[in-house]
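Please have the sequence and the model open while I talk.

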Amino acid sequence: MRQPLFNEHPVEMGLKKNGAMAVNALAADLSYGAQFAAAFPGEPKPLSMQHIIEAIASFERTLISGRSPFDRYVFDDDRTALSDSAKRGMALFYSTRIGCAQCHSGINFTGAILYEGHTEARALFANTGLYDLDGRGAYPLSDRGLIEVTHRASDMGKFKVPTLRNVALTAPYMHDGSLPNLDAVLDHYMRGGHKTALQDRRVRPFVLSQAERVDLLEFLASLTDGEFVENPEFSDPN
């Protein structure tokens, strides 16, 4: 939580120093004061930046999306959960010809799942060939990816592979929101990116017929979990 709250390169939530502005804003609302006192009983200062972070983390752990048509088809063996078009799109998604699942794998479609005590798994980072500003695969100076952390030239443009769950609802796409819709995403991958030496070897051109394109988009739509996104418990509590 500290990175998005306090990060400056790039600026995300924009909090400064110890987050006093956020703490003071919440403290001005008596209902928040009471809720923090109930959530952290016995603490001399229930409403603090550390407790805000812990409260957000506790809430995020409740955000479990696992009842999409895809989930019901695969895990509940509900043969009616997917349309015929989505089933064809699923076959395409997992095919070697298209190769989507080479990066978007696992239960969250984001590669290996990392969790406490599991030291073997590594997060999957990939350069999707989104930019080539200098003919050698350069990305914008303000947003160059993993290279900013490792300082290895080979990590230029590498970003963590994101989940595809509920992807039909999360436009715009790519790490910087530069592609407006899923059609534009398909166009990018069908071209094979910018074909730079730095981009992931799994990003390569492929051809889809119009019918196959419709099927693939139908499969991606089947990853939408209506029970989750329409759950009133995740709406504004006020």
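How many helices and strands does the protein chain have? The protein chain has 10 helices and two strands. Here helices (H or I, at least four residues) and strands (E, at least two) are DSSP runs, numbered from the N terminus. This is a predicted model, where local features need pLDDT of at least 70 and side-chain atom pairs count only at pLDDT 80 or more, while totals for chains, interfaces and linings use all residues. Residues are numbered from 1 along each chain as its sequence is written, and side-chain values use heavy atoms, with hydrogens and water left out.

Along the sequence the pattern reads α-α-α-α-α-α-β-α-β-α-α-α. The C-alpha trace spans about 60 × 50 × 35 Å along its principal axes. Of the 238 residues, 36% count as buried. Buried means under 20% relative accessible area, exposed means over 50%, and partly exposed is in between (1.4 Å probe, protein chains only).

Next, helix α4, residues 49-60. Which residues of α4 are buried? They are M49, H51, I52 and I53. Their cover includes α1 (2-6), α2 (20-27) and α3 (30-39).

Now the largest pocket. Rolling a probe the size of a water molecule over the atoms shows where empty space is left. A pocket, on a 1 Å grid over the protein atoms alone, is an open set of points where a 1.4 Å probe fits, with protein on both sides within 12 Å along at least five of seven lines; lining residues have an atom within 4 Å of a point. The largest pocket has a volume of about 1300 Å³, a volume being the space filled by probe spheres set on the points. Of its 43 lining residues, H104, V161, P162, T163 and L164 are the closest to the centre. α8 gives the most to the lining, with four residues.

Last, D132. Where does D132 sit? It is in the loop between β1 and α7 (147-150). D132 is partly exposed, with a relative accessible area of 25%. Leaving out residues up to four places away in sequence, D132 touches G137, A138, H194 and T196; contact means heavy atoms within 4.5 Å. The C-alpha atoms of D132 and G193 are separated by 9.3 Å, with the two residues 61 apart along the chain.
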